[in-house]
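I set out to record what I looked up in this structure, entry by entry. The notes follow the order in which I consulted it.

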Amino acid sequence: MTKKSEWDTRSEQGLAVLLDHALNGFQGPDGKMPARGGTPSLTDEEVTNAVNYMLAAPK
C-alpha cells in the first residue's frame, strides 16, 4: 500500500505528468512502473480513469 506522503508528492507533479507516467511507464529512484500498469490492453481512457480514482481516493 502506498503511503499518503508518497501520493502527495506525486500529485504535486500535476495530472499531465502522472498520466504520462501511467501511460508510458516511468523509472525513478524508488523503482519503476511499467506502462499501463503492465497491462498493454488497457485503453488511454481506462488508465486515465484509474489515475483519477487513485487521486480522489481518501488517504
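**Entry 1: L18.** I looked up the contacts of L18, with neighbours within four places in sequence left aside, and found R10, S11, V51 and L55; contact here means heavy atoms within 4.5 Å. The model is a predicted one, in which local features need pLDDT of at least 70 and side-chain atom pairs count only at pLDDT 80 or more, while totals for chains, interfaces and linings use all residues. Residues are numbered from 1 along each chain as its sequence is written, and side-chain values use heavy atoms, with hydrogens and water left out.

**Entry 2: the nonpolar core.** Which residues form the largest nonpolar core? I listed six: L18, L19, A22, L23, V47 and V51. A nonpolar core is a set of buried Ala, Val, Leu, Ile, Met, Phe, Trp, Tyr and Cys residues joined through side-chain atoms within 4.5 Å. Buried means under 20% relative accessible area, exposed means over 50%, and partly exposed lies in between, with a 1.4 Å probe and protein chains only. Two or more residues of this core come from each of helix 2 (15-24) and helix 3 (44-56). With four residues, helix 2 gives the most to this core. Helices (H or I, at least four residues) and strands (E, at least two) are DSSP runs, numbered from the N terminus.

**Entry 3: helix 2.** I noted L18, L19, H21, A22 and L23 as the buried residues of helix 2. Their cover includes helix 1, strand 1, strand 2 and helix 3. After helix 2 comes G25, where I read a positive phi near 90°.

L15 is also in helix 2, but I found this residue partly exposed, at a relative accessible area of 39%. Not counting residues up to four places away in sequence, L15 touches V51, N52 and L55. I also checked L15 against K32, 17 residues apart along the chain, and their C-alpha atoms are separated by 18 Å.

**Entry 4: H21.** Beyond its neighbours within four places in sequence, H21 is in contact with Q13, F26 and M33.

**Entry 5: the largest pocket.** I turned next to empty space. Rolling a probe the size of a water molecule over the atoms shows where such space is left. The largest pocket holds about 640 Å³ of space. A pocket is an open set of points on a 1 Å grid over the protein atoms alone, where a 1.4 Å probe fits, with protein on both sides within 12 Å along at least five of seven lines; lining residues have an atom within 4 Å of a point. Grid points are joined across faces, edges and corners, and the volume is the space filled by probe spheres set on the points.

Of the 22 lining residues, W7, R10, H21, F26 and M33 are the closest to the centre of this pocket. Helix 1 (4-11), helix 2, strand 1 (26-28), strand 2 (31-33) and helix 3 each supply at least two residues of the lining. I recorded 11 nonpolar, six polar and five charged residues there. Ala, Val, Leu, Ile, Met, Phe, Trp, Tyr, Cys and Pro count as nonpolar, Asp, Glu, Lys and Arg as charged, and the others, Gly among them, as polar.

**Entry 6: R36 and A50.** R36 lies in the loop between strand 2 and helix 3. I noted its phi near 55°, a positive value in a residue other than glycine. In helix 3 I looked up A50, which is partly exposed at 35% relative accessibility. The C-alpha atoms of A50 and A22, 28 residues apart along the chain, are separated by 9.3 Å.

**Entry 7: the whole chain.** From the N terminus on, I read the order of elements as α-α-β-β-α. The radius of gyration is 11 Å, close to the 10 Å of the globule rule for 59 residues, so the chain is as compact as a globular protein of that length. This radius is taken over C-alpha atoms, and the rule is 2.2 Å times the number of residues to the power 0.38. Buried residues make up 17% of the 59 residues in the chain.
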